[in-house]
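Thank you for passing this model along for comment. Please read the points below with the structure open beside you.

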Amino acid sequence: MSLPTERTEGHRSPEQPQRAEATRLTPLREGPLLVEGPVEIVMPDGTVERCDRPVVALCMCRRSLRSPFCDTSHRPRLRRERREREKEEKAEKAEKDKQEEKAEERAPE
Ligand code: FES
């Protein structure tokens, strides 16, 4: 099943003005959501955060100290996960090598 690549005005109510261009959102894998700016974000307490950058990175991992904006706090987690994955792969390879050595020792010459 493929996702639609473009939406038409199917969910737009008649009162909503039609915008010339759609706002582009780009979710990065295991990172922030990039939004074409400028943006205004209404926070849960009603305050408005405004950012005039051409592209704004919004935190999706909830670790940012500058919420709602990404402060790259997601990166240490990615590095840690990569290190753990490499460690697991190394341990698996060592176990496989060990089993191959045992199999060679048992094999008749
Ligand atoms: S996505 Fe970057 S700090 Fe959360």
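This is a predicted model: local features need pLDDT of at least 70, side-chain atom pairs count only at pLDDT 80 or more; totals for chains, interfaces and linings use all residues.

1. Residues are numbered from 1 along each chain as its sequence is written, and side-chain values use heavy atoms, with hydrogens and water left out.

2. The chain has one helix and five strands, and from the N terminus on these elements run β-β-β-β-β-α.

3. An open sheet is formed by three strands in the order β1-β2-β5, with antiparallel pairing; two strands count as paired if DSSP finds at least two bridges between them. Because β1 (25-27) and β5 (55-58) stand at the edges with a single partner strand each, one side of each is left without a neighbour in the sheet. From one strand to the next the twist averages 20°, where axes are lines fitted to C-alpha atoms and angles run from 0 to 180 degrees between N-to-C directions.

4. Within that sheet, β1 pairs with β2 (residues 33-36) in the antiparallel sense over three bridges, and Pro27 has Leu33 of β2 as its bridge partner.

5. The pairing of β3 with β4 (residues 48-51) is likewise antiparallel and runs over four bridges, with Val42 opposite Val48 in β4. The hairpin of these two strands has five residues between them, and there Gly46 takes a positive phi near 95°.

6. The largest nonpolar core has nine residues, namely Leu33, Val35, Val39, Ile41, Met43, Cys51, Val56, Leu58 and Phe69. Such a core is a set of buried Ala, Val, Leu, Ile, Met, Phe, Trp, Tyr and Cys residues joined through side-chain atoms within 4.5 Å, and buried means under 20% relative accessible area with a 1.4 Å probe, protein chains only. At least two residues of this core come from each of β2, β3 (39-42) and β5.

7. Leaving aside residues up to four places away in sequence, Val35 touches Thr23, Arg24, Leu25, Pro54, Val55, Val56 and Leu58, contact meaning heavy atoms within 4.5 Å.

8. For the chain of 109 residues, buried residues make up 16%. The chain exposes about 10,200 Å², of which carbon and sulfur atoms supply 49%, by the Shrake-Rupley method with a 1.4 Å probe.

How values were computed. Buried means under 20% relative accessible area, exposed over 50%, partly exposed in between (1.4 Å probe, protein chains only).
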